[in-house]
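Hi,

Here is the structure I promised to pass on. Have a look first, and my notes on what turned up follow below.

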Amino acid sequence: MTFNPGIDVPDELSRLSLGQDTPPRIRDAPELNNTGTIPVDITEKFKKASSALQPGEIVKDEFFTLFESVGALEIMDPKMDSGCVKPGDEFEELYDVSKPLLPEEVLGIIDQLLCHETVFTSVYVESLMMPDPTHIEEAVFVRRGDTQADAQPMLQVLRAYCLGMLKACAYVNERVKSEHYYEEEDFVTNTYNRTLLGSLSTADIRAELNDAANVVQKQREHLGGEISEALSSRLKLRDIFLSAAECPQFVAQPDLARQPWETALMLLPTIKATHGLSKQVDESFSVKLQRKLASTVPPRPIVKLSFENAFGHLDRLFKDGCELINVLSYTNSQCLQTFLRHFQAKKPQPLVYVRTLLQTFLFDAMEMLGGMSIRMIMDDDLAIVSLPASPYLDRANDDIEVLHDPRFIISQQMEAFRKRAAEPFLDIFRTFCQNRCRVRRTLCHNIERWDQLQADAEQLDLELQARAQEVNLAGQKFSPNTIPVEDDAWSLSMWTYLYKLRQMEWIVQLGFELEVYQPDELAGMYWYLSYLSKTRIEYVPRLRKTLTERVKDLRESPAQNRRNPAVERQMLRTLEWIRLSLLDAVVTWGLSEALASLYTACSRLELLTPPPRPYSNDELRYELRMKPFAKIETPGPISFEQFAAHTSQQGVSTEELLLEASKAMTDAKKACESMSKMTPEESFSVGSHDRWLASIKNTLKSCIATGLAIATVQKAMREDTRGGKLKLTVEVPTPDKTYHEWWIVPKIAPEST
Amino acid sequence: MDSTEARQYLQGLLNKDLRIHTTDGRMFRGTFMCTDPDTNIVISKTHEYRQPSASQRAAAAQNSSGSSVTLDMTSRFLGLVVVPGEHIVKMEVEQFASQMRHSTAIV
């Protein structure tokens, strides 16, 4: 999908996603023997002129800066100039690609190709790609002279494997380049101006892979069972990878899309088990090949991963790919968001290729998940969060053509809202497809737009209410599949506000995950998180009372008066959603409150001391931490004085503080326990329930660990009779050493004597 | 040549395409951006040209039937480079044949 920067894409994404600007294709080298230009020798004159310059003086183009010149490659410096040939050294790599190889060696080269960071240092790859083959028969190791070489069975296997691999690289490169990603940060798509077999068809390459597999079969007796198994499983994997790369064509048939990923997973154990048979051929790789690559960067040493490591990547790639297909089974927009959040929070994060594939599934051709309009997803979401079975979302309104009919106007205004909200809403989905640092950064920009949207939504809410009343007054009726919205319901602004609050919470929580905050800042940041989630707790139930009453009314009304059962289902779904988000907010509030108090207690007891900071103070640091929220109108910014007072809780004794912490933790724990019993439907995690549940269980563990830490401090305080510093050690773990990255629970233990 | 004249001459060459031959036999063609008293030269949008290697020449000779063979220089794109003065053996400026008929200003 190509975005039109600045129109479809938020500025932040389009500006930073350098991958969107396809690098200008390098012009072919100018013809030297062109009759139009004549080279004129100026060696003597130039040298004389330059030596006549004053020492330190330079002559340069006025638009050329010395800063730029720092990036220039220094010719003849072996560290900078990949084309520099040391005296006595050969320019060409003299490895003979036509020499016969043992089956073990072919296996070795194949596995080495898997382990190398770049394939451009392989002599075999180079001979296949240069010059760029226009036809499959040209893509052979030896193009001139000994044409028999490529007919050797083992070279045939290696050639097919390399072709399959290069095509796969081309697919991956194209996929990554067509979506949002960050060049260098996520992925390097640079191919040194090579085309990766652009003119060869995938079908041809698959035929080669197939032929090679047959060759292996024929030679089975000669090769031995194990090694032929090893070779054919690798050829098979290449073939399957090509199918996997083409899986977006089955976006509407998840089972077909999943197939190649699953087949690949079944092959992997054989590949791993047979790696031991291989014999490396190190001389078939050479840094010298970089001399032929169009490269504006200095030469790089060959980077090799261990086989275990490289295989781990492969294994993860296919596992993640398999799981990714679940996204295609759409249940509702909230389940989709749960899937996205938990899939992308995996540690380690899914590979860039999988993440870009996810983007393709989500947004390809302005359709979500291969067939849903953005309106469908948005209406679904609005219906879950704040407008169950609402006449505002009724498509019947679209059919009214009378311009002054209030229902027509409602339809128009809802469309206006959708237009305004679509981008910030979809950006939540897009954002979660990025790497974790970018998720946080992009959310910081997104909340500002949600803040503006909220103001618009309030305006629209008022107008919609007025129109809804007009419908009543005029004696008109909405379609019977809907229930009227309450007069005082601020449905659109409520929806907007809840999303904004959630995103603000995520920003703080990702701050913990990404180690943005120092240990002595944790008390304050957890307090701020508890403040945000408390705002959410106060805000969520607004709808609940009226909804509960309505569901009751509906149930008690005589059967013939009952409306469409779909109406009841929608209202129940909203009630479930409210319950879930209340519990979620309670967990966040309780645990952050407990941790804030615990960290404050630790710093009062001098168990945690801030590092010396000669050039900074608490106020400046606070300003920095609050920068993402500074422009947000509601909830408004909190002054440093208020923040400091809340964090330090001067009026409360340490004993009381710990008692409060313990209570808050118990609330969070209870909420967690109720959540862990929820079904996938109730928890809006259909399609990712396991992952969601694991996250809840980890939060529960964090609650328990917090409780233990609080108890340890309380015990030490009770037993302490001589005053002075408590005999406790406090260790603030890094996020990867905690149960849940968002909950940095300190490890507190009695000092060992 | 005094320094004013030298500066003027060099400034006149700015943004012209230069061909710089180095001690190892390569040639670099790019747009002249900057130089200093040691004749270190910065050129942009540079392509590197290399004479065929001994093995390439031998292979070509073997494959051809005639008495002489023609081999293209291999080239690749490098971007912005600085060629240190000490490695420069020859410098050429590219001039349009059509303009050369009318003026010989640069040489």
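A quick word on terms first: the domain bounds I use here come from an automatic or database domain assignment. Also keep in mind that this is a predicted model.

With that said, chain A splits into domain 1, residues 1-363, and domain 2, residues 373-516. Taken over C-alpha atoms, the centres of domain 1 and domain 2 of chain A lie 44 Å apart. The two do touch: 31 residues of domain 1 of chain A are in contact with 25 residues of domain 2 of chain A. Between them they bury about 2500 Å², with carbon and sulfur atoms giving 55% of that.

What holds polar groups across that domain boundary? There are 12 residue pairs in polar contact between domain 1 and domain 2 of chain A (both residues at pLDDT 80 or more). On the domain 1 side, α1 (11-16), α12 (333-344) and α13 (352-363) of chain A each give two or more residues, and α12(A) has the largest share, with 7 residues. By class, that side of domain 1 has 15 nonpolar, 9 polar and 7 charged residues. The rule also finds 2 salt bridges across this boundary. As for a salt bridge you can look up in the model, K347(A) pairs with E513(A), and their closest N and O atoms are 2.5 Å apart.

Now for the two chains. Here 64 residues of chain B contact 55 residues of chain A. The area buried between chain B and chain A is about 5100 Å², and 66% of it comes from carbon and sulfur atoms. In chain B, P37(B), R76(B) and M91(B) lose the most area to chain A, together 12% of what that side buries.

On the polar side, the interface of chain B and chain A has 21 residue pairs in polar contact (again, both at pLDDT 80 or more). Elements of chain B that each supply at least two residues to the side touching chain A include α1 (3-13), β2 (27-35), β3 (41-50) and β5 (88-96). That side of chain B divides into 33 nonpolar, 17 polar and 14 charged residues. The rule finds 2 salt bridges between the chains. If you want one to click on, E57(A) and R7(B) meet in a salt bridge at 2.3 Å, N to O.

There is strand pairing between the chains as well: β1 of chain A (residues 37-41) runs antiparallel to β5(B), over 5 bridges. Within that pairing, T37(A) has F96(B) as its bridge partner.

Cheers

Methods:
Residues are numbered from 1 along each chain as its sequence is written. Chains are lettered from A and ligands numbered from 1 in the order in which they are written. This is a predicted model: local features need pLDDT of at least 70, side-chain atom pairs count only at pLDDT 80 or more; totals for chains, interfaces and linings use all residues. Side-chain values use heavy atoms; hydrogens and water are left out. Contact means heavy atoms within 4.5 Å. Buried area is the accessible area (1.4 Å probe) that two parts lose on being put together, summed over both. A salt bridge is a side-chain nitrogen of Lys or Arg within 4 Å of a carboxyl oxygen of Asp or Glu. A polar contact is a pair of N or O atoms within 3.5 Å; within protein, one must be able to donate a hydrogen and the other to accept it, and residues adjacent in sequence count only if both atoms are side-chain atoms. Helices (H or I, at least four residues) and strands (E, at least two) are DSSP runs, numbered from the N terminus. Ala, Val, Leu, Ile, Met, Phe, Trp, Tyr, Cys and Pro count as nonpolar, Asp, Glu, Lys and Arg as charged, and the others, Gly among them, as polar. Two strands pair if DSSP finds at least two bridges between them.
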